[in-house]
Amino acid sequence: MPRSSPLSTHFRFDSKSSSSTLRHFDLWCNKKGAFALMGSLGRLSSRSLETEIPIMVKILELTEGAKDAMPLGQGAVYWQPPEQALENIKQIAWEPSSSRYGTHEGLPELKEALLKKLLLENKLYKSSVMVTAGSNQGFLNLVLALCDVTDSVVLFAPYFFNSYMSFRMTGITNILVGPSDPDTLHPDADWLENILGESQSIPKLVSIVNPGNPSGTCIPKPLVKRISDICRDAGSWLVVDNAYEYFIYDGSEHFCVEGKHVINLFSFSKAYGMMGWRVGYIAYSSEADGLRTQLLKIQDNVAICASVISQRVALGCLEVGRPWVTDRVKTLMRNKELLIDALSPLGDGNIKGGEGAIFLWAKLPDKYQNDFDVVCWFAQRHGVVLLPGSACGVPGCIRVTFGAVTETECELAAKRLKKGLEELAADGMVAGPDSSC
Ligand SMILES: Cc1ncc(COP(=O)(O)O)c(C=O)c1O
């Protein structure tokens with residue numbers, strides 16, 4: 001398995017791009033030599049330079065660039081937050097406390113509701129909570145609080161690209177990418193046991209996502225427990241990203257593990273359609289000595305607090321609760337079926353996931369290792385935006401999201417995807433992708 005991402009070779013900056021950010025970056029890179037002569041001005045941090053361009057920036061560009069493209073690339077849901085959570089917003093907006101800084105760890109009433117939820121739903125009995133501006137910020141806070149640049153860390157391929165980027169941009173280069181079972185895509189615990197048992201320097205942090213992004217699988221309870229035990233025995237932190245805890249299909253079960261070494265991350269983004277409101281939370285053991293203090297230092301310098309008004313909306317969501325989410329998750333079953341059928345030209349054995357989260361994971365025919373080209377071709381020629389597997393450390397694959405479209409939209413998306421895959425199989429990438437991709 002690769003230790004460093006193959007991604008960088010896939011990205012080409014587009015001088016015709018609509019994104020001024022990328023254009024400026026492009027210009028900067030082209031002129032780097034000239035800037036280098038001007039003192040330290042041209043020396044952007046190697047931490048950042050050596051981090052991949054966010055795949056989501058490219059995906060959103062593809063979505064904008066391809067007229068009427070169906071959004072099967074970004075991990076999102078089609079619904080908005082519950083009406084009950086939104087209806088008081090106007091009034092809340094006028095309360096002075098909504099415009100002041102909130103407490104670093106989150107509004108006391110939200111924290112209290114979260115601790116109750118963690119206890120009742122997740123069976124986490126000894127948790128402390130920090131509310132963050134989305135769980136991605138929570139993950140970054142944790143990396144900053146737990147890891148030094150000389151530490152090694154563990155992910156499993158296919159991995160969640162933002163976790164990889166958080167490590168890279170905080171200067172961590174020793175990223176051990178473990179394999180997953182080729183059939184189930186579950187993290188390979190035997191490999192983990194060997195690595196944690198053998199290493200001269202034990203990895204500081206092991207990260208798993210359950211249900212998986214991008215795999216779309218659910219890690220069974222005994223395996224989550226085993227991974228936790230391996231980490232505990234070796235003295236590694238285990239960070240579990242539970243962003244899709246409510247997105248479970250086909251009788252699978254989501255399970256949280258508790259321990260002094262375990263940190264659970266959660267998000268309001270997908271369950272409650274709150275992507276743009278930016279609220280997530282970290283649940284860590286109240287017995288984890290000193291962690292709270294370090295998290296507070298980081299929080300004070302990154303977000304200070306999650307948006308107060310967003311936290312109020314999140315509280316309204318908790319009042320509505322899981323049944324509201326479950327009703328919406330059920331509507332995704334049909335989307336999933338439609339897209340599994342659309343992927344059928346790839347062959348059944350090449351389609352995985354769909355037990356949890358909002359993702360299917362599919363292997364392209366062997367000759368399409370450059371999956372980014374395939375993704376561009378789909379966007380330009382077939383009007384469907386997908387995510388290249390190389391962004392998750394496994395080239396030659398695609399991730400298909402079934403959460404961001406309604407059933408009617410999904411019918412159209414599935415038709416386009418199937419047509420594209422049939423064409424790919426019969427004739428290859430006819431007429432493309434063009435050079436603007
Ligand atoms: C596994 C996982 N974790 C975290 C996030 C980010 O969540 P948030 O919007 O809470 O930052 C995502 C979003 O796609 C995700 O898929």
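Me: What do the buried residues of helix 8 pack against?
Reply: They pack against strand 2 (127-132), strand 7 (262-267), strand 8 (280-285) and helix 14 (308-320). Packing here rests on contact, meaning heavy atoms within 4.5 Å. Helices (H or I, at least four residues) and strands (E, at least two) are DSSP runs, numbered from the N terminus. One caution: this is a predicted model, where local features need pLDDT of at least 70 and side-chain atom pairs count only at pLDDT 80 or more, while totals for chains, interfaces and linings use all residues. Residues are numbered from 1 along each chain as its sequence is written, and side-chain values use heavy atoms, with hydrogens and water left out.

Me: Which residues of helix 8 are called buried?
Reply: Leu110, Leu114, Lys117 and Leu118. Buried means under 20% relative accessible area, exposed over 50%, and partly exposed in between (1.4 Å probe, protein chains only). On the other side of helix 8, Pro108, Glu112, Lys116 and Leu120 are exposed.

Me: How do you know that the buried residues of helix 8 line one face?
Reply: Looking down the axis of helix 8, they fall within an arc of 100°, so they share one face of the helix. That arc is taken from the directions from the helix axis to the C-beta atoms. An α-helix has 3.6 residues a turn, so residues three or four places apart point the same way.

Me: What makes the span of helix 8 agree with expectation?
Reply: At 1.5 Å a residue, its 13 residues (108-120) should span 18 Å, and the end C-alpha atoms are 18 Å apart, so the two agree. The expected span is 1.5 Å times one less than the number of residues.

Me: Why is helix 17 called largely enclosed?
Reply: Because ten of its twelve residues are buried. Among them are Phe372, Val374, Trp377 and His382. What covers them includes helix 4 (55-65), strand 13 (397-401) and helix 18 (407-427).

Me: Which residues of helix 9 meet helix 10?
Reply: Asn136, Phe139, Leu140 and Val143 in helix 9 meet Asn162, Ser163, Ser166 and Phe167 in helix 10.

Me: How many buried residues does the protein chain have, as a percentage?
Reply: Buried residues make up 54% of its 437 residues. The chain has 18 helices and 13 strands.
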